[in-house]
Amino acid sequence: MKGLAIKATATLLATVIGAGAACAAESLQDVVKRRNLTQQDLLAAAKTYTPSGGRDEFLAFSSGGQSGQMLVYGVPSMRILKYIGVFTPEPWQGYGYDEESKKVLAGGRIDGKDITWGDTHHPAISETNGEYDGQFLFINDKSNPRLAVLDLRDFETKQIVVNPIMKSEHGGAFVTPNTEYVIEASQYASPLENQKFHPLEEFNEKYRGAITYWKFDREAGLLKADQSFSLELPPYSQDLSDAGKLGSDGWSFTNSFCTERYVGGIEKGRPPYEAGCSAKDTDYMHVINWRKAAEIAKDDKNVKVINDHRVIPMEVAIREGILFLIPEPKSPHGVDVTPDGKYIVVAGKLDTHVSVYSFDKIMAAVKAQRFESKDPYGIPVIGMKDALHTQVQLGLGPLHTQFDSKQCIAYTSLYVDSMVAKWNFCEGKLLDKLAIHYNIGHLMTMEGDTTKPKGKYLVALNKLSIDRFNPVGPLHPQNHQLIDISNDKMQLLYDMPLPLGEPHYVVGIDASKLKPAVRYKVGTNSRTDEQHPGKVRAGEEKVVRNGNKVEVYGTLIRSHITPETIEVEQGDEVTIFLTNLERAQDETHGFTVSTYNVHASVEPGKTVSVKFTADKEGVYPYYCTEFCSALHLEMQGYLLVKPKGWKPSATATLAAANYTETDYKNTLKKVVDTQAVIDQVVGYITSVNYKAYPEVAALMEDATDQLGKTADAKAKHEAAAARQDWEQANLWAEQVWQYQVKAADIGLRAKTFLEQKGAK
Ligand code: CUK
Ligand code: CUA
C-alpha cells in the first residue's frame, strides 16, 4: 500500500519535473533540494495540499478553549475557516455588539452578572440513530457551568443555558443517539443550592456532584429547561460522560476521580489535593439508566426541586435501580462507548492500561443483583471483574479513545508518553504506536464517536507545541497534528498551530452532511430564525420618534446606507434596525457608529439592530465595515447628536460644488461607455443557460434591481439639465453611473462563475 503510494508520488514528481523543464522557474526537484524535503514529506504534502478553490472532505469543529469560542477547520488541509462567537463577544460577527446576539449572551448571565468568557471543552454534533446529522452543535463551559447551542445552517450561536445546580462542570456536551438529551456532568462537588455556604467540614454531607440531562427540542432548535432534569450524585469529581448506543442506548456512563472525597488545605498543613485525590487504586464509573430516569423525573414524588429544577435524589435513584457504580483504575479520564455500543473504554491517567467494560456483563450483574458492595451513599457497586471484558497495556498516561471505520480498531491518546496507540478492543491487542509532539490530550477520528466512524484521518490535540513553530513569546500555540490512519501504520502528516486558547476536544464530520445557507430570507433575525419586527424593504425606510426614543428603520445595499443622516437630541435612546437587501452570495455589510461601541455584521437578508443612548453631543460618522464594493468607503453617513434645544440657522445651506455643463456631459459619456460593458456581460450571461445556476440567478436579480433604479435617477438628471441646474444634473447622472457600476460588478461576478463552471 505504502510502496504504491510512494511510487505514485515518484511518477507524479517525474511528470511535473518533465513538464517544468522548459521554463526558467524553479522545478519541483529544485524546491525539494532547497527546502530539504524527503520523500515522506512530499507524500504528506500531497495528502494534505488542497489546490486553490478545493474543498475539504471533512470539517472539524474545535473547542476554542479559554477563548470561549468555537473554531472550524477543514481536514485534511487543516485550513481554519471560521471562529464562531459562543460564550465570548466576537466583534467581526457583531456578537455581543448587536441587540440580537446580546440577548443570546444574556442567557448565560449568572447570579445577575455578565460572564464574558468561557472555558470550552467538548463540542458535540447532533445525532440521529447514533450518526451525526449535521444539524446542531453543542458545547460546554467548564468554569461557568453552561451549555451553548449552535445551528449549523448558519454556524451561529442561538442559545446559552446556565446549569441550575452546578458550580463547575466537565462531562458535557455529550448527546444521546437521537439527541433527545444533552448530557452535562459536574466536576468539582459543591452545594447544589445556589449561593449557599457550607464549610468544607461538611463536604461529605452537603457537597454534591450531579448530572443534568438537558431536553433538546429539535423543532425549536433549543434546550428546554422545564423538561430537563438532574440526578444527584456523590461528591466525587465526576468527569467525562458518554451515551450508550445501539444495544446500550438508554444508558449513559460518567467517570469520576477523587472518590476519596479528599479535601485539601496545605495552608493548614494538610497534604495537597493531588496527593489526597489519587490515593486509592480505583475510582468509580457511574452507570445511569437515563431513559428510566427521564420517566421517573416526571413524577413530583420522585424529585426534589432545587433552584426551580427537578433533581432525582440519590435515594430515589437507588430505589428505582437507575444508578450503579463500577470501580475503574486509577484517576480515570476518558470514557468512550464503542461504535457497536457493546463496550465502554476507560483510560486511567495513572494506570498504563485501558479497561474495556462489557455492557452485557454490566446488565447481567444488574439483572442478577450481583453487587460487591455499596458506596458510602448506598449506591450498589458492581465488581470490576464482573464487568470487565479486557484490559490492554498501552503506555503511560492513557486519556481518550476514538474509533476507526475498521472493526474493533481504537486509538487512545497517551499523555505522558506523547504517543497515539492503535489497538484492537475486541481482542485486547496493541497494534501500533506513533510518537507525536507533545503531551496529547484528546484525539479525534472522523465521526469517531458515532455508530459509523469514517476512519481516514486522526487529529492529535497536543497540549504543548514546545519547539514545533516559530517562537511567539512564552505563551505558545497548541498543536493539532494530522495523522493518516488509512494504512496499518499511522503516518504523521501535518502540524497546525491553534492560536486561540487550549482546545480540549474536536469533532469531525463528513462535509457533505452540512448544508449551510448562503443567505437569509429577507428580514430574518438570525438568532431566533424569526422575521424581525425591525425589517423594512427598499423605499420603506423611516425614522420613528416616540418621546426620547428614536427608532431608525434602515437598509443596506451596495454602496449605501439608508438613511444617510440620522439626527437626534442628546440623551435620546437610539435603536437602528438594519436590513441587508442583498441576495448575492457573500455580500455582507458591517455597521458601526463611531465611539458608541456598537457593531453588526449584516449578511444578505439579515436584519439586526444596534442600540445606544446618544449621551454626548457631537458628530459621529457611521459606515460599513466590510469592503463590500468599489464604493465601500463611501458607504457612510452621519449621526448628528444635537444639544438639547439647538435650532438651525434659517439661512444655512449645504455647500455647492459648482459643476458645469461639461461635467454633466462627461458623466453622460461615462454612463454610455459603462452601459456598453454591461450589455457585453449580459450578452454572454444570457447566451448560456445561466438559469441552471441558482447562484447566478440570484446575482442577476440583484443586478436587475440596481439597473431598475436608474430610471428614477435619469428622470432627475434630465429634469435638472432642462432647467440648467448642472450641479443636480451632474450628481444624478453620477448616481445612474453608481447603479451601473454595481450592476456591472455583480454581472462580472456572474460571468466569472459561469466561465469557471464551463456553462454552456
Ligand atoms: S478534557 Cu482536556 S484533555 Cu476537558 Cu475532555 Cu481530556
Ligand atoms: Cu457595505 Cu462596505
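What follows is an account of the cysteines, and then of an annotated span.

Guide: This is a predicted model, in which local features need pLDDT of at least 70 and side-chain atom pairs count only at pLDDT 80 or more, while totals for chains, interfaces and linings use all residues. Residues are numbered from 1 along each chain as its sequence is written, chains are lettered from A and ligands numbered from 1 in the order in which they are written, and side-chain values use heavy atoms, with hydrogens and water left out.

There are two disulfides in the structure (a disulfide being a pair of cysteine sulfur atoms within 2.5 Å). When the bonded cysteines of the protein are numbered in sequence order, they pair as 1-2, 3-4.

One disulfide links Cys258 with Cys277, at an S to S distance of 2.1 Å. The torsion about this S-S bond is about -60°, so the link of Cys258 and Cys277 is left-handed. On the one side, Cys258 sits in the loop between strand S13 (251–257) and helix H6 (273–276); on the other, Cys277 sits in the loop between H6 and strand S14 (282–289), so the pair ties together parts that are 19 residues apart in sequence. (Helices, H or I with at least four residues, and strands, E with at least two, are DSSP runs numbered from the N terminus.) Cys258 has a relative accessible area of 5% and is buried (buried is under 20% relative accessible area, exposed over 50%, partly exposed in between, with a 1.4 Å probe and protein chains only).

Cys408 belongs to the loop between strand S24 (398–403) and strand S25 (409–414), and Cys426 to the loop between strand S26 (419–424) and strand S27 (429–435), so the link ties together parts that are 18 residues apart in sequence. As for accessibility, Cys408 is buried, with a relative accessible area of 17%. Cys426 is at 26% relative accessibility and counts as partly exposed.

Cys624 is buried, its relative accessible area being 1%. Cys628 is likewise buried, at 8%.

For context, there is also an annotated span to consider. In UniProt, an unreviewed entry carries the annotation "domain: Cytochrome oxidase subunit II copper A binding" for residues 540–653; such positions are given in the numbering used here, feature names are shortened, and annotations may be inferred rather than shown by experiment. In the model, residues 540–653 are 0% helix and 53% strand, and the end C-alpha atoms of the span lie 27 Å apart.

Val610 is placed in strand S42, which covers residues 607–613. At 1% relative accessibility, Val610 counts as buried. From Val610 to Gln636 there are 26 residues in sequence and 16 Å in space, taken C-alpha to C-alpha.

Within the second pair, Cys408 is buried, whereas Cys426 is partly exposed.
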